[in-house]
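Have the sequence and the 3D view open as you read.

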Amino acid sequence: MAFEQLIGSRYVRARSGGGFVSFISVISMLGVAIGIAVLIVVLSVVNGFERELTGRLLAMSSHATVEGLDGALPDWQARSAMALENTSVTGVAPYIEEKALASVDDALSGIVLRGILPEAERSVSGLDALMVEGSIDDLRDRGYGIVLGSDLAKALGASLGDQVVVMIAEGRVTPAGIAPRLRRFKVTGVYRAGMYEFDRRLALIHMNDAERLFRVRGDVTGIRLSVDDLFAAPVIAREVAVAQGGGVMISDWTRRHSAFFRSIQITKSILFVILSLVVAVAAFNIVSTLVMVVRNKRGDIAILRTLGASRFSIVKIFVSQGALIGCIGALFGVALGAVISLNLESLVAWVERAFGVTVLAADVYFISDLPSDLRWPDVGLVVAIALGLVFFATLYPAWRASRTNPAEELRFE
């Protein structure tokens with residue numbers, strides 16, 4: 001170790017003057033550590049939201065869809081076969097989707113009713129893994145079963161085996177006048193996606209039952225596609241539409257939910273800038289620490305200068321001291337931030353149980369859990385910025401120390 005680094009490390013532990021210099025060194029380390037830890041935890045939470053949002057959306061929402069321009073897509077079997085000829089398409093599933101009302105006793109709720117083929121649905125969504133009661137295989141042709149989201153089932157007060165009355169806007173003519181068309185369905189399953197948008201609104205029935213209920217006579221609303229590359233979904237959907245001769249409307253997950261992902265990226269950037277300022281404030285606390293050390297060590301500096309130490313050596317002493325404070329603070333900050341980020345969901349669950357509070361309301365934030373996804377490239381960027389700020393914070397006090405006049409300081413010694 002060069003003598004500059006040796007002296008700098010000793011100054012970090014300096015206890016002269018009642019230990020005040022050592023105390024403010026510890027405070028500076030804690031400031032850097034807490035700033036880095038907070039930034040790591042916040043970025044991990046934002047990354048977790050992005051990961052969970054993508055996973056949960058794609059568990060219920062297909063990668064891409066091809067729909068008819070007038071809401072009906074004829075000859076869906078041939079179109080599905082043509083879509084599967086594209087080597088990038090890994091699954092195809094038809095669906096019928098309309099808005100309806102669902103009621104159980106006095107409870108009433110608006111829903112989106114989607115008719116699916118259970119065997120085909122598995123190829124385009126992860127619905128199977130989201131079932132908390134029952135199975136999608138219980139949706140059988142003419143079985144008139146229905147699968148509800150967990151929040152929807154709770155709102156209706158429905159459980160497995162209960163009867164749900166589904167009403168649609170299209171009426172039927174009776175001797176007493178026009179009456180809404182309705183049908184009783186038996187609850188055969190409950191799923192939980194963890195997103196209020198799906199859990200509260202979406203109900204599933206067999207596609208053939210939906211065809212009879214909505215009287216679409218062989219047509220479907222569209223076909224859902226699963227592709228081998230998520231981020232190529234827009235291009236693959238266009239290729240499928242062109243292969244079918246056009247005349248269809250295409251959509252993909254990046255278009256349907258673009259606002260979510262754009263807002264997450266904007267939020268992440270803003271939080272990164274704001275919390276970097278917190279790290280900057282903590283880093284510049286080192287300025288006051290080093291200024292105190294310089295004033296306390298003026299006699300030592302003068303002696304070093306008379307022994308032949310150059311101005312640059314004096315600068316290196318105090319830069320190394322500040323760097324050591326920053327490195328120790330960064331090390332503790334990374335450790336603290338990583339521990340909190342990796343255990344955040346358990347910590348939040350404990351806080352909710354202990355204090356009877358809800359950290360995230362599902363109907364406001366779409367996701368009821370507080371996810372965390374620790375990404376080491378983000379940690380590396382945070383540490384690099386923090387150490388860069390620490391380095392710049394040390395330059396002015398180190399320069400002031402190098403300007404110490406030995407004759408002036410030693411004339412009364």
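Predicted model: local features only at pLDDT ≥ 70, side-chain atom pairs only at ≥ 80, totals over all residues.

## Before we start

Most residues other than glycine have a negative phi. Let's look at two residues that go the other way.

Tyr144 sits in the loop that links β4 (131-134) to β5 (145-149). Its phi is near 50°, a positive value in a residue other than glycine. Is Tyr144 buried or exposed? With a relative accessible area of 14%, Tyr144 is buried, because anything under 20% counts that way.

Now hop to the loop between β2 (89-104) and β3 (107-116), where you'll find Asp105. Asp105 also has a positive phi, near 55°, and isn't a glycine. Here the relative accessible area is 77%, so Asp105 is exposed; the cut-off for that is over 50%.

## A pair of helices side by side

Two packed helices are described by the angle between their axes and the distance between the axes. Take helix α11 (residues 258-296) and helix α16 (residues 376-402): their axes come within 8 Å and cross at roughly 30°. Angles under 35 degrees count as roughly parallel, so that's the label α11 and α16 get. Their crossing is right-handed.

Which residues of α11 meet α16? Among them are Phe272, Val279, Ala283, Val287 and Leu290. On the α16 side, the partners include Leu381, Ile385, Leu389 and Ala393. Sorted by class, the residues of this contact come out as 19 nonpolar, 2 polar and 2 charged.

Helix α12 (residues 298-306) and helix α13 (residues 311-342) pack with their axes 10 Å apart, at an angle of about 140°. That makes α12 and α13 oblique to each other. The crossing of α12 and α13 is right-handed.

From α12, Ile301, Leu304 and Arg305 meet Arg311, Ile314, Ile317 and Phe318 of α13. This contact has 5 nonpolar and 2 charged residues, with no polar ones.

Key. Residues numbered from 1 in each chain as written. Heavy atoms only, no water. Axes fitted to C-alpha atoms, helices over the stretch in contact; angles between N-to-C directions. Helix = DSSP H or I, 4+ residues; strand = E, 2+ residues; numbered from the N terminus. Parallel < 35°, antiparallel > 145°, perpendicular 65-115°, else oblique. Left-handed = near helix turned anticlockwise from the far one by under 90°. Contact = heavy atoms within 4.5 Å. Nonpolar A, V, L, I, M, F, W, Y, C, P; charged D, E, K, R; others polar. Buried < 20%, exposed > 50% of the residue type's maximum accessible area, 1.4 Å probe, protein only.
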